[in-house]
Amino acid sequence: MTARERVAGTVANYVDERTGAAKWMKKNLTKVFPDHWSFLLGEIALYSFVILLLSGTFLTFWYDPSQREVVYDGSYVPLQGLHMSAAYASTLDISFEIRGGLLMRQIHHWAALIFMAAIVVHLMRVYFTGAFRKPREFNWIIGVGLLTLGIVEGFLGYSLPDDLLSGTGIRIAEAIIQALPVVGTYLAYFAFGGAFPGEAFIPRIFTVHILLLPGIFLALITVHLMLVWYQKHTQWPGPGRTEKNVVGYPLMPAYMAKAGGFFFIVFGVTAFLGAVASINPIWLYGPYNPGQVSAGSQPDWYMGWLDGLVRMAPPLESHIFGYTIPWNILIPGLIVPGILFTGLALYPFIESWITGDKREHHLLDRPRNVPNRTALGAMSLTFMLVALVNGGNDIIATTFHLGINQVMWFSRFAIFILPPIAFAVTKRICLSLQRADRELVLHGRETGRLLMLPHGEFVEVHEPISPELAWKLTAHEQAPALALEDVDDRGVRRAGGLKNKLRKRISQANAETIAKPTLNDLKEIEHH
Amino acid sequence: MSNEIEAIKDPGLPAHVHRKSDTDPVAEKRAERQVAILFLISALGTLLFIFAYYFIPEDVFFFFPVLGNTNAHQLFLGLGLAMALFFIGAAAIHWAKTLMPDEEVIAMRHTMRSADEDRDALVATVKERAGAAGLGRRSLIKRSMGLSLGLIGLSPLVLLRDLGPLPGDDLTKTSWKAGTRLVTDPGDRPIRPEDLEVGAVAQVLPQHFGEERRLLSDIAKDAVLLIRLRPEEFQLSPERLSWTYDGIIAFSKICSHMGCAVALYEQTTKHLLCPCHQSTFDVPRAAKVIFGPSARALPQLAITVDSEGYLIAQKPFSEPVGPSFWERST
Ligand code: HEM
Ligand code: FES
């Protein structure tokens, strides 16, 4: 036994005698993780969160969360002598007086954008591959929670510098609160400690941004990862992979080194962006003043879709019995987002109701093999994209020399027309891809080599594909539509007939597939 | 038998393929060197970071292609940090990919569902324990417990009450009163009609007295835009026309949609545009909404001149300014 082994042994013994950790560690150090690039997306989100914690803590040492008015006397000449909030002045100081301060501010903001982007793309990978199916519904819901809180957290962070741009964002948030029927003005006065903007808001959202929400994030991420650990990761279908096993690399050492290394890569890339790519140069906007505005106000992209919906809303407002209901704010600002996020959270349950499938699933779906789900995803993304684009309608109008009205009217129609088109097109594409898979399995790969038949005709030589690939392309299930009768065994009409009919229709649409090739098909071809 | 549909068979996990570094000692040594070099680049990055922090002055700017005029301190500090971090990651991953075991292994899954006997035992235990506590029987305790837990849930709500005052009629009032002078913002100078040419715009606030600086929450309701047209250009009701003075018309600058400052005036079309969501207001027709999401015209402030010839408000705003809210009656 070498000296090093002796020391390690002593330490391990000390810890194990007090915690009994050896058994658990032994089991988990060899835990198997499947490998695929798309499994890194959740990791990027996790690592950006750690980067946000680190860079954010640095910023708290100098940031002064106060709306007390001060006169700026820092080194940025154009703003010297101006009255502004201590929050804005201290953000300027972080940018200009503290060495590394601007770097950390930019790293923090870039990390936030990457965090949100990673969550969204991670969500898309979970959605399109069906990783949300039983037993992973809880993790899906936690994920939707993280996404929602991420948007809120990002917005609050963006508001902290109290510059003209972010103050305008707060003004709009206040208008949404104030628009709520019955309780709106009360909530707004409570949130702002009186009339907008007041002096209470920045200190309050500071506490929420650095304590309350990060705490909730930590708790949710912990549960999220514990569930991934305990339920074991899903895997792509392939040779040797089944619903009952998990094929991949043991945690120690390769997976650990890769995941740990990947953290540094993400951090390095974020630091690089912070070094070279300017983001949110608040000194150009000036301090917040409710009587001013900077032209071309833009929120961060994860809020942009909301802004786009608000911009395209029709000018509707009801006045009933001396009360006002501003639909132009409530519909795009609360009702539509509420429906979208509720639908997103409930999706796993809706799908399993339609398919009647209550089994566990650990093998992922190739998106083409589930055309309706994939098409629904493309449809939702198209909706969000139209909204997001309309959030930049002024910029688009000026860049492409269009009238703002034209862009706005385009969006107002596109938000209804394009999503269904996206659905239909995506579904067609999925089915053609299925057809292509079938061809590939049955007739092999085109080689580009031509062969002259005895009677002079040319045919292209096809090369058979490997059994591994053939298995991969045919491993999925093709479930028939649910047999749902409108009447029960005794010929009595079932209750909830409409619901039943709906379920039947969707289930039939779901069953529309290109039959996957079987051994019989292959044998038949050989006979010819 | 032959009629039965047979699915294509799973050929099983393919045999493991060895990497070059597994079999060739030269390749192995090379990989080892590469990992070491990557770690060393990271160390260089940290040195660059420290150098930049202490020795590059903060006020040196230089031209860098693509980035334009760049602050040297910030750039090299950041590049050093990025290098230091990135190459640790690159080294670890290269190490894992070339030198650590890369054989795929198979582990078995277990279903999430517990075994039936465990589930039954759990149900039995819970029933027995709950029975022992008498939860089912002691409805008096159960109800009073429900009441007390429900009530204590209210206390945080009660405690939050002092977050802010009640709105009262605060949202319906501004600082404008009959006779309040209009003063320039910035500058706080009273203005006369002659100061404003036809086609010009000015931002004004109510005259403010006292030592204290204006509160932002006052500006958020008081900000007003003055626009001067030729009197014959107005298309106003007689009442609204009497609220203008010699072609000068005054509107609340706070957008009737969500409260941004309506800042852009297009002289040729005589439109006011809010940059936030592009609500567009037609000035000659009392700022009627002609485009965008806002559902209401900008409130108009009635103005006139006082005996010294300065512009003043005839009376307060006749409706609340800014975004809509429940208690707003018009
Ligand atoms: C703070 C944000 C998040 C972090 C840090 C995070 C982290 C992770 C990580 C590291 C994994 C394992 C690797 C992977 O499958 O990519 C994972 C799995 C998972 N995540 Fe997230 N995630 C976040 C947000 C979300 C969101 C927004 C959703 C969906 C709405 C979601 C749903 C899931 C599900 C269902 C799994 C299990 C998937 C499987 O085993 O294949 N997560 N998460
Ligand atoms: S705030 Fe002016 S258009 Fe929305």
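I noted that the model is predicted, with local features needing pLDDT of at least 70 and side-chain atom pairs pLDDT 80 or more, while totals for chains, interfaces and linings use all residues. Residues are numbered from 1 along each chain as written, chains are lettered from A and ligands numbered from 1 in written order, and side-chain values use heavy atoms, without hydrogens and water.

Next I looked up the iron atom of ligand 1, which A:His122 and A:His224 each coordinate through NE2 at 2.0 to 2.2 Å; donors are N, O and S atoms within 2.8 Å of the metal (3.2 Å for Na, K and Ca), and since water is not among the atoms, sites may look incomplete. I recorded the arrangement as octahedral, because the six donor atoms subtend angles of 78 to 179° (six donors count so if opposite ones are over 155 degrees apart and all others between 65 and 115).

Then I checked accessibility: A:His224 is buried at a relative accessible area of 14%, whereas A:His122 is partly exposed at 21% (buried means under 20%, exposed over 50%, partly exposed in between, with a 1.4 Å probe and protein chains only).

Last, I saw that a backbone N or O atom of A:Phe39 lies 3.1 Å from an oxygen atom of ligand 1.

Terms used. Polar contact = N/O pair within 3.5 Å; in protein donor to acceptor, adjacent residues only side chain to side chain. Tetrahedral: all angles 85-135°; square planar, octahedral: opposite > 155°, others 65-115°.
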